[in-house]
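Me: I would like to learn how to read a model of this kind, feature by feature. Please start with the terms and then turn to the case at hand.

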Amino acid sequence: MSFVTARQIAVSYGDALILERVSLEVQKGAFVTIVGASGCGKSTFLRILLGQEQPSSGHVEIDGHPMAPEPDPERGVVFQKYSVFPHLTVLQNLMLPFELEGSAFLGRVFGARKREARDKAQAMMETIGLAHAAKRFPAQLSGGMQQRLAIGQALLKRPKIMLLDEPFGALDPGTRKDMQALLLELWRETGMTVFMVTHDIQEAFELGTRLLVFDKVRHDPQYPNAYGATVTYDLPLDHGERKKTAAIEAALIQSQTDKA
Ligand SMILES: Nc1ncnc2c1ncn2[C@@H]1O[C@H](COP(=O)(O)OP(=O)(O)OP(=O)(O)O)[C@@H](O)[C@H]1O
């Protein structure tokens, strides 16, 4: 049975149609990578899945039920930048989800709950390799460390769905490889369903179990806003069978290069 189902999603801003007829059935535990030209609506689609924004028409179901209309702990999110709190240390950033859950008003918990929050935050620091940096503030961390922290923070509430918007876009190639490996490890451990937008087609092929390409199928040069993007390719990927997809990968890279 489909875990995340998008039914005929359309999004428009004013008279500009951004997405149209996006329908999708995604199995639990899938790692869905999303590529497409800049501005075609990939982040918009993630915001719909997060519940941060409502589609103009259509709807999303999670596990057979209409999706909660607002972000909830079932859905974690990591953006390219700025998803951690700059005035809090690594440890405080990782304790915050529990503090907010305990007291949305004060943003603090006390006694046994505080100890539990600290224990969970400390365990997460080990997992993401930041135990040595507990007292540092985000500005004192490298880009890769900041994204480790962002991923750790998003994982703390054990989301069933993880939404990642170009999470490694600002990282150097070496750090990016490390982070990809960490993400795959966490995905395998948790069994969460991942949606990840990336501009790097190779990364999309390396990480995904399924690759979606967003593009416009119809285009009117006179009215560029008349049509929206939809899913134009939907490719199942097998991490173990790289050769089969190599030709498709090369064709897609070529088509994206031609567009740039
Ligand atoms: N709140 C908004 N109001 C009006 N237009 C918006 C809004 N959010 C996004 N857009 C427009 O919708 C289109 C799709 O934006 P979106 O960020 O989803 O694209 P994207 O595919 O993620 O782009 P990129 O790859 O460059 O990040 C863009 O033209 C953008 O300007």
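Reply: Start with burial: a residue is buried if 20 or more other C-beta atoms lie within 10 Å of its own, exposed if 12 or fewer, and partly exposed in between, with C-beta atoms placed from the backbone. This is a predicted model, in which local features need pLDDT of at least 70, side-chain atom pairs count only at pLDDT 80 or more, and totals for chains, interfaces and linings use all residues. Residues are numbered from 1 along each chain as its sequence is written.

Me: What average pLDDT does the protein have?

Reply: pLDDT is the predictor's confidence in each residue, from 0 to 100. Where pLDDT is low, the predicted coordinates should not be read in detail. Here the protein averages 86, and 87% of the residues score at least 70. For the complex, the predictor gives an ipTM of 0.96 and a pTM of 0.87.

Me: How many helices and strands are there in the protein?

Reply: Helices (H or I, at least four residues) and strands (E, at least two) are DSSP runs, numbered from the N terminus. The protein has seven helices and ten strands. Of its 260 residues, 33% count as buried.

Me: Which residues of β3 point one way, and which the other way?

Reply: In a regular strand the side chains alternate between the two faces of the sheet. In β3, Phe31, Thr33 and Val35 point one way, while Val32, Ile34 and Gly36 point the other way. Six of the six residues of β3 (residues 31-36) are buried.

Me: Which strands does β3 pair with?

Reply: Two strands pair if DSSP finds at least two bridges between them. β3 runs parallel to strand β8 (residues 193-197), joined by four bridges, and Thr33 stands opposite Met196 in β8. With strand β9 (residues 210-216), β3 pairs in the parallel sense over five bridges; there Val35 stands opposite Val213.

Me: Which residues are around the ligand?

Reply: A residue is near a molecule or strand if its C-beta atom, placed from the backbone, lies within 6 Å of it. The residues around the ligand are Tyr13, Ile18, Gly36, Ser38, Gly39, Cys40, Gly41, Lys42, Ser43 and Thr44. Helix α1 (residues 42-50) gives the most to this shell, with three residues. For residue classes, Ala, Val, Leu, Ile, Met, Phe, Trp, Tyr, Cys and Pro count as nonpolar, Asp, Glu, Lys and Arg as charged, and the others, Gly among them, as polar. The shell divides into three nonpolar, six polar and one charged.

Me: How many residues of domain 1 are in contact with domain 2?

Reply: Domain bounds come from an automatic or database domain assignment, which gives domain 1 (4-74 + 159-259) and domain 2 (84-157). Two residues are in contact if their C-beta atoms, placed from the backbone, lie within 7 Å. By that rule 13 residues of domain 1 are in contact with eight residues of domain 2. On the side of domain 1 that touches domain 2, the largest share, six residues, comes from α5. That side divides into eleven nonpolar, one polar and one charged.

Me: Where does Glu166 lie, and what is its phi?

Reply: Glu166 lies in the loop between β7 (161-165) and α5 (173-190). Its phi is near 50 degrees, a positive value in a residue other than glycine. Because Glu166 has 19 other C-beta atoms within 10 Å, Glu166 is partly exposed.
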